[in-house]
Amino acid sequence: MLKDLRIKFVALNMVLAALILVVAFSTVCYLDYRTRVDNVYSSLDDALHYATASLYDSHSSNVITGPVPLTFNLSTVQLAQIGTLEPIEDSSEAAEGSWEDAEAPADEEGNGDGADAHADANAVASSDDNAASTSDATPEATSNQPEIGGTNAHNGLVLPMAVYVVSADGKVSVLSQLTSASIAEDVRAQAITEATKSTDDNGFLRDAGLYFSKRTAFGSLCIAFADAGTVLPWQSLAWMLVGIGVCTLGAFFAISIFFSRWAFKPVEASWKAQQQFTADASHELKTPLTVILANMQILQSHPEDTIASQSQWIESTQTEGEHMRQMINDMLDLAKPEAMRTPKVLSDIDLTDLLEGDALQFESVAFERGIDLHMDIQQGVHLKGDVMRLHRLTSTLIDNACKYADEGGRVDVRLSSDSREMRLTVHNTGAIIAPEDLPHVFDRFYRADKARTRESGSYGLGLAIARDVAREHGGDIVATSAEGEGTTFTVTLPRKTG
């Protein structure tokens, strides 16, 4: 039974610990996942912010027409329709075509202005053939690029991404200066198509394995993509936490086993004591019942005899019945809950008078055995308690001392008191209690002298009751026994005067 209780205790602890770890680690993984996803969307939104700002600059300057500003040095990789990739056009040809369309209005305002615009167009067109030199030579392009490092460091675009502009007529251009990665050709058309048709401004394309954000500006649609692998580190974190959780549960399992054994020690001791108590009580009750039944059979076998002639068996039956009643009363007393055994009505008790009266009752017993009963009792010792329970305590100790003292030995009863507590000691000479038996003398049904029989009137319950009485009154009782010194029982009680 105790083994089953211990297993249930450990299992319950392990289940609770596992649930706590699962909830805690799941929360950590989810928060890490959400943080990474939010960072991806934040980076994509930053890219779209720069893209739409550049589109605004291009439209407000009226330098070019079309959805993709040349100030971004874009390589005009265009799709005639969404999902159909066209060959890459030469960026210089696209620049020349655009500037040719923009040259006519400039001439109408004046030759000088037209010449300047033409010169600027040639400068931009030549810079389109060399993207690296253009970023240094074109102020507009430099001003529209996000800065990294320094006091204005911004980590929103360190994430590999691809940014596209979809024009009103369905043509798609890649923004090279905001693009740090390219989308695989087998999913690029599908990804742009799904992102364009999506009703949400951002989302996740499961088939393509891409996160996207989009924004409309000046009749064009800007779309930024990032790979789903940027949020996958949360899975590594999850596996690491799984390993930590397994190790933690293993350690907790070992600790639970240790503490279960420690916690169940009092329960195990109580269980064993209860089993022992039941076995001892059954044994002690069996003997007088056997004697009573034997006496009754003898009486029944001689129905013609008078009561006087059968008085021996009748007296034996009465004696055994008295023994049973005493033992049952003691067992019931010990079986009472602690709250019921605690004195409910405390009265002022003159412990001196109580002890002297109990000692006088045993003078005849001591005299018959040649035992010197010596009393050293301090006068005027008072305390509050239950007089009947204290009488049981003192009489038990004196009775035991007289029973176990050797013939011609000595029994000393002493009572002393100070301002804090009173001390009662009962000492007897004779055979000592073995060291291995001494810790058990207050156990129920325990008798140190195994050779003694029930004829001594002892059932091994008196000292257990004496200890309970002492503890009920806030004190305790201890026993010492040594060769050449005899056995001493010492009771200490807090002194509570009336």
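Buried means under 20% relative accessible area, exposed means over 50%, and partly exposed is in between, with a 1.4 Å probe and protein chains only. Keep that in mind for the whole talk.

This is a predicted model, where local features need pLDDT of at least 70, side-chain atom pairs count only at pLDDT 80 or more, and totals for chains, interfaces and linings use all residues. Residues are numbered from 1 along each chain as its sequence is written, and side-chain values use heavy atoms, with hydrogens and water left out.

Let's start inside. A nonpolar core is a set of buried Ala, Val, Leu, Ile, Met, Phe, Trp, Tyr and Cys residues joined through side-chain atoms within 4.5 Å. The largest one here has 38 residues. Those with the most contacts inside it are L390, L397, L415, L424, F489 and V491. Which element gives the most to this core? Helix 13, with six residues. Helices (H or I, at least four residues) and strands (E, at least two) are DSSP runs, numbered from the N terminus.

Look at L424. Contact means heavy atoms within 4.5 Å. Leaving aside neighbours within four places in sequence, L424 touches L355, T394, L397, V413, R414, L415, F489, T490 and V491. There is also a second, separate core of 21 residues, and A47, A51, L175 and A226 are among them.

Back to helix 13. This helix has 18 residues and reaches 26 Å from its first C-alpha to its last. That is close to the 26 Å expected, where the expected span is 1.5 Å times one less than the number of residues. Its buried residues include R389, L390, L397 and K403. At the N-terminal end, D386 is the cap: a side-chain oxygen lies 3.1 Å from the backbone nitrogen of M388.

Now the rings. Rings of Phe, Tyr and Trp (its six-membered ring) pair if their centres lie within 6.5 Å; planes under 30 degrees apart are stacked, over 60 edge-to-face, and the rest tilted. The count is seven aromatic pairs. Take Y164 and F225. Their centres are 6.1 Å apart and their planes at 70°, so this pair is edge-to-face. Y164 sits in strand 1 and F225 in strand 5, so the pair ties together parts 61 residues apart in sequence. Y164 is buried at 6% relative accessibility, and F225 is buried at 1%.

Next, F204 and Y211. Their centres lie 4.7 Å apart with planes at 40°, so the pair is tilted. Is F204 buried or partly exposed? Partly exposed, at 34%. Y211 is buried, at 4%. Ring pairs link Y41, F204 and Y211 into a cluster.

How values were computed. Polar contact = N/O pair within 3.5 Å; in protein donor to acceptor, adjacent residues only side chain to side chain.
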